[in-house]
Amino acid sequence: MPERKLYIETYGCQMNVVDSEVVAAILQQHRYQVTDNMNEADLVLVNTCSIRENAEQRVRARLREFRKLKEQEKQLCVGVIGCMAERLKEKLLEEESVVDLVVGPDAYRDLPRLLEEVESGQKGINTILSKEETYGDIQPVRMDQNQVSSFVAIMRGCNNFCAYCVVPGTRGRERSRDPETIVREASDLFKKGYREVTLLGQIVDRYGKDLDSGIDLSQLLKLISSVSGIERVRFLTSHPNWMTEELLQTVAESSNIMPHIEVPVQAGNDAVLENMKREYTSDDYRKLIKQIREIIPNVSIGTDIIVGFPGETEAQFMDTFD
């Protein structure tokens, strides 16, 4: 069969970057090769984000541009994958006539079959969420240009239902990858020249809670940091409720685990935090930050803050400001 060209655009978080690399690996086994030239593509995929409205608006604007391209090349297949596909499902096919394919984050293995449906003149759609899928056996096709630092997804989905977040609905429930597959992927990255890996999870410090192996994030970090040649190890993003002293000690004691903790606070007012369903108080967060700094004296700390949460008063915002 003749080789075909795949063009992928990725919007949103680092997890979407990894997903695009997984998709490229799956389709590479079915005569598709990645291209950075949209004009020579047989298949255009837009890997989408639904966290912010602006992200979806950008995708819709891009689809209008693809419609012009498709008018010139009738055989071009255009697909929307990722969180926006999962959120809108069939509605996306109805609203955007240029779209031939809609695939959610847990259905990428079904892409070859769905593409056959599109070739036969039908629309292809699969937005079924999975309780088991981690893509742990798939070696992603690295599409970054630096070949120094890369992301490794160690888990998928989320069991927290924060009031502002669509992730449990678009990515399903929490699932951790087998630690052996993660170590193998990190080793493969080193062989390809990479020297830094960032472990990804929606709530990364919950890694391993669903595994029988008993390996948690602290132990996984030790395994990854011991991979020969890996000079820097990072992890994103943590939740205040699951940050353990053991994890912090592991970061403090390891020379190649970077002393950086990303731990969102979201708001500094307890009533707002309760409305957000964050399940900690501002005082809990202050105590955690104090503990982090005591255990890792040279630490850098990153956070996320939501300003103007529905119902937030000026006084409540000032608690966050303070």
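Visitor: In which strand is Glu262 found?

Guide: Keep in mind that this is a predicted model. Look along residues 260-262 and you'll land on Glu262, in strand S12.

Visitor: Which side chain of opposite charge is nearest to Glu262, and how far away is it?

Guide: Glu262 is buried, yet it has no salt bridge. Its side chain does make a polar contact with the side chain of His260, at 2.9 Å. As for opposite charge, the nearest side chain is Arg234, at 8.5 Å.

Visitor: Is Thr127 buried or exposed?

Guide: First, find Thr127 in the loop between strand S6 (124-126) and strand S7 (149-153). Leaving aside neighbours within four places in sequence, its contacts include Ala85, Glu86 and Lys89. The cut-off for buried is under 20% relative accessible area. Thr127 has 13%, so it counts as buried.

Visitor: How far apart in space are Thr127 and Gly104, C-alpha to C-alpha?

Guide: Gly104 is one of the residues in contact with Thr127. The two are 23 residues apart in sequence. From C-alpha to C-alpha, the distance is 4.4 Å.

Visitor: Which element supplies the largest share of the largest nonpolar core?

Guide: That core has 41 residues, and Ile154, Phe235 and Ile261 have the most contacts inside it. Several elements supply at least two residues each, among them helix H7 (179-191), strand S10 (196-200) and helix H11 (282-295). The largest share, 5 residues, comes from H11.

Visitor: How many residues are in the other core, the one with Leu6 and Met15?

Guide: This core lies apart from the largest one, and Ile26 and Ile81 are also among its residues. Its count is 29 residues.

Notes. Residues are numbered from 1 along each chain as its sequence is written. This is a predicted model: local features need pLDDT of at least 70, side-chain atom pairs count only at pLDDT 80 or more; totals for chains, interfaces and linings use all residues. Side-chain values use heavy atoms; hydrogens and water are left out. A nonpolar core is a set of buried Ala, Val, Leu, Ile, Met, Phe, Trp, Tyr and Cys residues joined through side-chain atoms within 4.5 Å. Buried means under 20% relative accessible area, exposed over 50%, partly exposed in between (1.4 Å probe, protein chains only). Helices (H or I, at least four residues) and strands (E, at least two) are DSSP runs, numbered from the N terminus. Lys and Arg count as positive and Asp and Glu as negative; His and the chain ends are not counted. A salt bridge is a side-chain nitrogen of Lys or Arg within 4 Å of a carboxyl oxygen of Asp or Glu. A polar contact is a pair of N or O atoms within 3.5 Å; within protein, one must be able to donate a hydrogen and the other to accept it, and residues adjacent in sequence count only if both atoms are side-chain atoms. Contact means heavy atoms within 4.5 Å.
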